[in-house]
Amino acid sequence: MSVNMGRPSELYIETTSVCNLKCRACPTGLGQLTRPAILMSEDMFNGIVDKNRRNFKYAEVIYPFLFGEPLMNKSIFKFLKDLREAPGHRHPGIKTLEAAF
């Protein structure tokens with residue numbers, strides 16, 4: 001693993017703020033998120049990736065999730081494939097329902 005001073009080693013893209021669980025330790029499950037519940041479109045995802053591509057060379061991992069359940073978005077596997085094929089990117093990662101893949 002490389003050390004990048006002042007650069008992001010992990011990047012997160014919140015592809016959904018929707019979840020089907022009510023976990024007590026999660027702001028989504030507790031209903032504490034103040035932003036709208038959305039499933040990110042492929043166009044929006046591609047725009048975010050294009051605008052942040054220069055940071056990919058610094059990131060060890062890019063996660064296409066944050067506070068939602070990533071498998072709720074039917075495009076998640078396309079997002080993972082696109083991240084894996086992006087120039088300069090190393091590892092797309094995903095965590096779902098307490099399990100890491």
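The model is predicted. The protein has two helices and five strands, arranged along the sequence in the pattern β-α-β-α-β-β-β. Of its 101 residues, 35% are buried.

**Overall architecture**

- Strand β1 covers residues 10–12 and helix α1 covers residues 42–52.
- Strand β2 spans 61–63, and helix α2 spans residues 76–85.
- Among contacts in the protein with a separation of 6 or more, 73% are between residues 24 or more positions apart.

**Nonpolar core**

- The largest nonpolar core consists of 14 residues.
- Within this core, the residues with the most contacts are Ile-13, Phe-45, Val-49, Phe-56, Ile-62 and Leu-83.
- Two elements, α1 and α2, each give two or more residues to this core.
- Helix α2 provides the largest share of the core, namely four residues.

- Phe-79 is a residue of helix α2.
- Its relative accessibility is 1%, so Phe-79 counts as buried, the cut-off being under 20%.
- Leaving aside neighbours within four places in sequence, Phe-79 is in contact with Thr-15, Met-40, Ser-41, Glu-42, Phe-45 and Asn-73.

- Ser-75 is located in the loop between β2 and α2.
- With a relative accessibility of 10%, Ser-75 counts as buried.
- The side chains of Ser-75 and Glu-42 are joined by a polar contact of 3.2 Å.
- Glu-42 is also one of the residues in contact with Phe-79.

**Salt bridge between loop positions**

- Side chains of opposite charge can pair when their charged atoms come close.
- The structure contains three salt bridges.
- One of them joins Glu-14 and Arg-35, whose closest N and O atoms are 2.8 Å apart.
- Both Glu-14 and Arg-35 lie in the loop between β1 and α1, so this pair ties together parts that are 21 residues apart in sequence.
- Arg-35 has a relative accessibility of 36% and therefore counts as partly exposed.

- Asp-82 forms a salt bridge with Lys-78, with 2.9 Å between the closest N and O atoms.
- Because Asp-82 and Lys-78 are four residues apart in helix α2, about one helical turn separates them.
- Asp-82 is partly exposed at a relative accessible area of 22%, and Lys-78 is partly exposed at 34%.
- Lys-81 forms a salt bridge with Glu-85, and here the closest N and O atoms are 3.3 Å apart.
- Lys-81 and Glu-85 are likewise four residues apart in helix α2, so the separation is about one helical turn.
- Lys-81 counts as partly exposed at 41% relative accessibility.
- Glu-85, at 53% relative accessibility, counts as exposed because the cut-off for that class is over 50%.

Terms used
Residues are numbered from 1 along each chain as its sequence is written. This is a predicted model: local features need pLDDT of at least 70, side-chain atom pairs count only at pLDDT 80 or more; totals for chains, interfaces and linings use all residues. Side-chain values use heavy atoms; hydrogens and water are left out. A salt bridge is a side-chain nitrogen of Lys or Arg within 4 Å of a carboxyl oxygen of Asp or Glu. Buried means under 20% relative accessible area, exposed over 50%, partly exposed in between (1.4 Å probe, protein chains only). A nonpolar core is a set of buried Ala, Val, Leu, Ile, Met, Phe, Trp, Tyr and Cys residues joined through side-chain atoms within 4.5 Å. Contact means heavy atoms within 4.5 Å. A polar contact is a pair of N or O atoms within 3.5 Å; within protein, one must be able to donate a hydrogen and the other to accept it, and residues adjacent in sequence count only if both atoms are side-chain atoms.
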